[in-house]
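User: Please take a close look at a single part of this model and describe how it sits against its surroundings.

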Amino acid sequence: YRFSVWLSQNQYFSFSTTVMTIFALFGDDVRLAYTDAAADTIFDILTVLGLALFCIEIVAATIGKEDYFLSFFFGLDVVSTVSLVLDVSIIREELFNSEGGT
């Protein structure tokens with residue numbers, strides 16, 4: 001419990017999640033606009049790291065912040081974290097580029 005409270009209020013963790021949020025918002029657009037397919041792996045790794053960081057943030061805030069669980073911000077965090085899954089190229093390709101098989 002103490003660690004969750006500490007992590008939820010830690011300025012370095014907050015800065016890390018802020019930086020990762022900026023990446024989550026613009027990373028896929030930057031990947032599409034300025035890189036070739038060879039860079040997809042790097043962006044996928046950063047996206048998975050972001051997913052892990054955001055999951056840790058949700059768990060820490062749920063345990064360490066009063067009135068966070070099932071609040072508006074909890075819902076917003078969960079939806080945004082789940083939507084980040086679609087930025088991982090392997091998952092995106094499996095879901096949207098299937099060849100009509102069974």
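Analyst: Asp40 lies in helix H3, where helices are DSSP runs of H or I with at least four residues, numbered from the N terminus. This is a predicted model, in which local features need pLDDT of at least 70 and side-chain atom pairs count only at pLDDT 80 or more, while totals for chains, interfaces and linings use all residues. Residues are numbered from 1 along each chain as its sequence is written, and side-chain values use heavy atoms, with hydrogens and water left out.

Asp40 has a relative accessible area of 15% and is therefore buried (under 20%, with a 1.4 Å probe and protein chains only). Beyond its neighbours within four places in sequence, Asp40 is in contact with Arg31 and Ser89, contact meaning heavy atoms within 4.5 Å. The side chains of Asp40 and Arg31 are also joined by a polar contact of 3.1 Å, that is, a pair of N or O atoms within 3.5 Å, one able to donate a hydrogen and the other to accept it.

Helix H2 (residues 11–34) packs with H3 at an angle of about 145°, their axes being 10 Å apart; axes are lines fitted to C-alpha atoms over the stretch in contact, and angles run from 0 to 180 degrees between N-to-C directions. Among the residues making this contact are Arg31 of H2 and Asp40 of H3.

On H3 (residues 40–64) there is also a packing with helix H4 (residues 72–84), the axes coming within 10 Å and crossing at roughly 160°, so H3 and H4 are roughly antiparallel (an angle over 145 degrees). Phe54 of H3 and Phe74 of H4 are among the residues that meet there.

Note on methods:
Helix = DSSP H or I, 4+ residues; strand = E, 2+ residues; numbered from the N terminus. Parallel < 35°, antiparallel > 145°, perpendicular 65-115°, else oblique. Buried < 20%, exposed > 50% of the residue type's maximum accessible area, 1.4 Å probe, protein only.
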